[in-house]
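Colleague: Could you take me through one part of this model, piece by piece?

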Amino acid sequence: MAAVPLLSIKTYRGISGQAITARHGRGDDKSSGFRSPRWRAPGKVNGMSEEEPLSGGNVSAGVVRVGDTVRRPAGPWTPAVHAFLNHLNSVGFPGAPRPLGLDERGREVLTWIPGVVPWPDRFDLVEPEAQLVRVGRLIRDLHEAARGFTPPPDARWQVLIPPDETELVDGGELIVHHDLAPWNLVAGDRWAFIDWDVAAPGSRLWDLAYAAHGFVPLMADPAWQRPDAARRLRVLVDAYGLDEAQRRRLAALLAPRTRAMYHFLAEQSRRGVEPWTRLWRQGHGAIWRADAEYIARHEETWLAALLA
């Protein structure tokens with residue numbers, strides 16, 4: 001497998017990343033993206049919690065639940081991600097797991113968050129507009145909480161897709177999630193995002209554009225196209241709270257952010273990097289490209305809804 005590029009807070013700009021350990025998913029292998037594992041309660045052996053593999057994701061090897069914790073392979077980016085998660089917890093953001101360090105096998109340990117992952121079978125959890133408002137506010141709270149974070153001097157980040165350079169200049173720079181989607185949301189007593197291993201420098205609008213793709217959703221598949229997509233986009237953005245200039249920039253970023261997934265998969269497949277080569281062969285790239293084309297065709301519709 002190809003090496004993972006590790007980008008420092010000072011040098012990440014303009015460098016294309018290859019992440020080979022992220023567990024991201026949208027649906028099953030016939031769907032268009034990446035998916036988080038389906039959670040199952042662990043069993044016990046002699047009264048002790050045993051390791052329960054969290055299967056179902058495209059790259060979930062080595063990810064297990066042990067009691068009230070999740071254990072997963074660590075990497076050079078883990079200290080920076082844990083510093084970020086510790087910051088989010090310290091300022092009261094409820095939508096992220098708490099890091100507990102490394103276990104005796106060198107795996108990262110995170111608190112288990114009980115609940116249901118909405119994608120794809122429980123999209124009804126985010127279907128009502130009131131719940132979409134909740135998602136928008138949770139993302140806004142995340143970005144506001146991130147504003148006060150100062151990365152460690154030696155921070156290294158795992159980057160799949162570098163953020164839009166113009167947006168970083170015009171919109172400001174934060175550490176953001178980079179994979180906010182219904183396949184990375186746990187809806188339970190509290191709602192929280194999971195899979196933070198590709199958290200890295202980015203911008204609010206780059207993060208929000210990706211979230212809109214999954215939560216509205218903005219997808220070409222007839223099974224997921226919605227006649228109320230423009231309204232739902234407006235509901236999400238109103239809940240987040242963008243001004244007019246930001247809304248105009250967001251509308252212009254929706255297609256490029258989605259197209260970036262296609263280009264990422266195409267490049268990783270060309271290099272023979274797994275699991276992206278397998279996903280490309282299964283048609284994921286074609287579906288992301290179709291989504292980007294669908295979004296681009298309707299850009300004026302999205303803009304009109306955002307400015308109405």
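Colleague: Is α5 mostly covered or mostly open?
Modeller: Mostly covered, since nine of the twelve residues of α5 are buried, where buried means under 20% relative accessible area with a 1.4 Å probe and protein chains only. This is a predicted model, in which local features need pLDDT of at least 70, side-chain atom pairs count only at pLDDT 80 or more, and totals for chains, interfaces and linings use all residues. Residues are numbered from 1 along each chain as its sequence is written, and side-chain values use heavy atoms, with hydrogens and water left out.

Colleague: Which residues of α5 are buried?
Modeller: They are Ala229, Ala230, Arg232, Leu233, Val235, Leu236, Val237, Ala239 and Tyr240.

Colleague: And what covers them?
Modeller: The cover includes α2 (129-146), α4 (204-215), α6 (244-271), α8 (284-297) and α9 (299-307); helices here are DSSP runs of H or I with at least four residues, numbered from the N terminus.

Colleague: What follows α5?
Modeller: Gly241 does, and its phi is positive, near 95°.

Colleague: Switching topic, at what angle do α2 and α4 pack?
Modeller: At about 160°, with their axes 11 Å apart, the axes being lines fitted to C-alpha atoms over the stretch in contact and the angles running from 0 to 180 degrees between N-to-C directions. That makes α2 roughly antiparallel to α4, a label for angles over 145 degrees.

Colleague: Which residues make that contact?
Modeller: Counting heavy atoms within 4.5 Å as contact, α2 gives Leu132, Val135, Ile139, Arg140, His143 and Glu144, and α4 gives Arg204, Asp207, Leu208, Ala211 and Phe215.

Note on methods: Buried means under 20% relative accessible area, exposed over 50%, partly exposed in between (1.4 Å probe, protein chains only). Helices (H or I, at least four residues) and strands (E, at least two) are DSSP runs, numbered from the N terminus. Angles under 35 degrees count as roughly parallel, over 145 as roughly antiparallel, 65 to 115 as roughly perpendicular and the rest as oblique.
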